[in-house]
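Subject: A structure for you to look through

Hello,

Here is the structure I promised to pass on. Please open it next to this email and find each residue as you read.

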Amino acid sequence: MKDNDKLKKGKRVLPGILDKLVGREDQYRVGLIFYGRRAGWRKVKPGKFERKLLDENGWAGNPGDDVEIAVRLRSLKQTHVVEVKAALENAEPYGETPLYR
């Protein structure tokens, strides 16, 4: 499965799971971490690449270090579910996973 396919599946499935769990906020804590969203590589010429940043908030790291806590871990209440869904809806893959090292 391609990374983009994984994200699409997560966007489709995760909101329903969160909706089912929201009534049990004392039992579940949920957060959201993105990687490979703000930085990637742009091919300059054959065999030469340069870093390309997409983050408008000033993050200037390398693609392999692109790990972002999008929603902090906390008890699963309805307001938290809305925040997770909004962050997930706007997520687009771009860079690489930091696991390549």
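What follows is a short tour, from the whole chain down to single residues.

**Before you start**

This is a predicted model, in which local features need pLDDT of at least 70, side-chain atom pairs count only at pLDDT 80 or more, and totals for chains, interfaces and linings use all residues. Residues are numbered from 1 along each chain as its sequence is written, and side-chain values use heavy atoms, with hydrogens and water left out.

**The whole chain**

The protein chain has two helices and four strands. Helices (H or I, at least four residues) and strands (E, at least two) are DSSP runs, numbered from the N terminus. From that end, the order is α-β-β-β-β-α.

The chain has 101 residues, and 26% of them count as buried. Buried means under 20% relative accessible area, exposed means over 50%, and partly exposed lies in between (1.4 Å probe, protein chains only). Accessible areas come from the Shrake-Rupley method with a 1.4 Å probe; for residues, only the protein chains shown count as cover.

Now look at contacts (heavy atoms within 4.5 Å). Take those between residues at least 6 apart in sequence: 68% of them join residues at least 24 apart.

**The core**

Which residues have the most contacts inside the largest nonpolar core? They are Leu18, Leu32, Leu76 and Val84, in a core of 14 residues. Helix 1, strand 1 and helix 2 each give two or more residues to this core. Helix 2 gives the largest share, four residues. A nonpolar core is a set of buried Ala, Val, Leu, Ile, Met, Phe, Trp, Tyr and Cys residues joined through side-chain atoms within 4.5 Å. In soluble globular proteins, nonpolar side chains tend to be buried together.

Strand 1 covers residues 29-35. Its side chains alternate. Val30, Leu32 and Phe34 point to one face and are buried.

Strand 1 runs antiparallel to strand 4, and six bridges join them. Two strands pair if DSSP finds at least two bridges between them. Leu32 has Val71 in strand 4 as its bridge partner. Leaving aside neighbours within four places in sequence, Leu32 is in contact with Glu68, Ile69, Ala70, Val71, Val84, Ala87 and Leu88.

**A nonpolar patch**

Ile33, Tyr35, Val67 and Ile69 make a nonpolar surface patch of about 410 Å². Strand 1 and strand 4 each give two or more residues to this patch. Patches are made of residues with over 30% relative accessible area and no salt bridge; like charges are joined within 9 Å, and nonpolar side chains (Val, Leu, Ile, Met, Phe, Trp, Tyr) within 5 Å. Ile69 lies in strand 4. Ile69 is partly exposed because its relative accessible area is 47%.

**Salt bridges**

How many salt bridges does the structure hold? There are five. A salt bridge is a side-chain nitrogen of Lys or Arg within 4 Å of a carboxyl oxygen of Asp or Glu. Here are some to find:

- Asp19 and Lys85 have their closest N and O atoms 2.8 Å apart. Asp19 is in helix 1 (residues 3-21) and Lys85 is in helix 2, so this pair ties together parts that are 66 residues apart in sequence.
- Glu50 and Arg42 have their closest N and O atoms 2.0 Å apart. Glu50 is partly exposed at 32% relative accessible area, and Arg42 is partly exposed at 40%.
- Glu83 and Arg74 meet at 2.1 Å, N to O. Glu83 is partly exposed at 33% relative accessibility, and Arg74 is partly exposed at 32%.

Is His80 buried or exposed? His80 is buried, because its relative accessible area is 1%. His80 sits in helix 2 (residues 78-89). Apart from neighbours within four places in sequence, His80 is in contact with Val30, Gly31, Val71, Arg72, Arg74 and Ser75.

Lys77 lies in the loop between strand 4 (67-75) and helix 2. Lys77 is partly exposed, at 47% relative accessible area. Lys77 and Asp26 are 51 residues apart in sequence, and their C-alpha atoms are 9.0 Å apart in space.

Best wishes
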